[in-house]
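Please look over the structure below.

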Amino acid sequence: PRPPPSSNRRQRQMCIRDRRMNTNLEDETREHESKSSGYKWIVFGVMFAIMGIVLGANWMVMPVLFTQMSETTGIALSTFQTIWALIPLAGILVCLPAGLLADKFGVYWVIGTSLILCTVFGSMRGLFSSYAGIAAATFLWGGSSYVFMVNYPKVIGQWFPPNQLAAINGLVMAAYSIGAAVGMSISGTMISAAVGGWQNTYHFWAALTGLCTVLWFLLVKERRDAASDMGKSQEAIAAEASIGSMSMVANIMKVRDSWYLIAIFSLLMGGWIGITGLFPSMMEQLGWPRADANNSMAVATVAMIVGCAVIPTLSDWIGRRRWIFSVSMILCGLATVLMFLSVKTPGNSMLWVFLTVLGFMAGAMPIILAIPVELKAIGIGLAGTAVGLMNMGSNITGFLFPLAGMSMLKMEPIWSGLLFGGVGFVLAGLLALMLTETGAKATSKS
């Protein structure tokens, strides 16, 4: 029997209403995506400024001011140089809690509070004339600065799609090198002369940190639904947010890739910190001009800025992570060994080629910070804790590798090269082959 006309009319009306609702929903989705598309670049700009000014310039301003600080306070230069070790020591203590807090309560207030503390403690470095006061302020500043270092990949994961994660991580990390280069080049001379000494130089950079803090609070928002973009249900996101801190750590350590990520990041950062800390002084001891020794790491840093922009972007474009990162780290290791061989002959022009290769290939480092966000077992919800564990490990090796390298230099420079290049970079590259591929091509096939 045919349905009554009224029933057909009702069904047609319901179909039309459903189509309108779907159309409205699609319009809202497109509107949200278009807003996010423009807004994410505002987030990127703020994070670029924070990484360059708050971390890069504020961190690397210290070594170029140590001589002035020693002259005005009467404290030995070697005593001030021990302050340098307090920053990674603070990182060992702070990295894991920083990631846990961001995963538990969100990045907006956790990073915002840390930026306020960076402003206060950064300025306090210029308030004291005693070693104890400067050391305490530096330790507190170092701990506060690591909060952003740990959690910036989580912010990137909230606002950028998977096919841009490595490239944006690379550009933000490049900001650190740019800020460090600017801070080292002008703080001890131009800025110090303009503001009246090393104490006011610290206040100057603290004021710029305060400006970055204001930009963070005014322009950056927390995106709570970002984890759903990575394939997680709202129920899973809520469950992650409700568990305790130790349960978060336990959940991450159950993931096989977490162990590889911690080992890889620890090894490569141990190698990089060891080279940047020891290589210039070793060049002087072997008879190279002081200007060449000072420029050695500047060459590597400039090459790294270019590498950070190129290699992660290439990884996003190809849609692969493991092989690009692995090959880059192995080439870093080979360049390091060749550097330590060629440095024994003062004036050897090939040294500058190997320094350039090292810096450029080290630009692959940001790729490893994109992987925790992309792994389904970790994702944006637990990325802060995961990257916190990775940074904690890297601060331990960043403390131990230079000590071991100094001991090996007394025997033969090549042994330090094998430690930093072979154990640091090459082993990190080989371990990367054990990671789950999280690139866009691999995930689209699965």
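## Ile53 and its contacts

Leaving aside residues up to four places away in sequence, Ile53 touches Asn58, Trp205, Leu208, Thr209 and Cys212. The model is predicted. Ile53 sits in helix H1, which covers residues 5-73.

Take Cys212 from that contact list. Ile53 and Cys212 are 159 residues apart in sequence, yet 8.1 Å apart in space, C-alpha to C-alpha. Is Ile53 buried, exposed or partly exposed? Its relative accessibility is 24%, so Ile53 counts as partly exposed. The reason is the cut-offs: buried means under 20%, exposed means over 50%, and partly exposed is in between.

## Aromatic pairs: Trp41 and Phe160

How many aromatic pairs does the structure hold? There are 17. One of them joins Trp41 and Phe160: the ring centres are 5.3 Å apart and the planes stand at 80 degrees, so this pair is edge-to-face. The pair links distant parts of the chain. Trp41 is in helix H1, while Phe160 is in the loop between helix H5 (131-159) and helix H6 (165-195). The two residues are 119 residues apart.

Trp41 has 41% relative accessibility and counts as partly exposed. Phe160 has a relative accessible area of 3%, so Phe160 is buried.

## Aromatic pairs: Trp109 and Phe217

Trp109 and Phe217 form another ring pair, with centres 5.6 Å apart. Their planes are at 50 degrees, so the pair is tilted.

Trp109 is exposed, at a relative accessible area of 56%. Phe217 counts as partly exposed, at 22% relative accessibility.

## Charges over rings

Arg125 places its charged end over the ring of Trp141. The distance to the ring centre is 4.8 Å.

Lys221 lies over the face of Tyr39. Here the distance to the ring centre is 5.2 Å.

Technical notes:
Residues numbered from 1 in each chain as written. Predicted model: local features only at pLDDT ≥ 70, side-chain atom pairs only at ≥ 80, totals over all residues. Heavy atoms only, no water. Helix = DSSP H or I, 4+ residues; strand = E, 2+ residues; numbered from the N terminus. Buried < 20%, exposed > 50% of the residue type's maximum accessible area, 1.4 Å probe, protein only. Contact = heavy atoms within 4.5 Å. Phe/Tyr/Trp six-rings, centres within 6.5 Å; stacked < 30°, edge-to-face > 60°. Lys NZ or Arg CZ within 6 Å of the ring centre and 35° of its normal.
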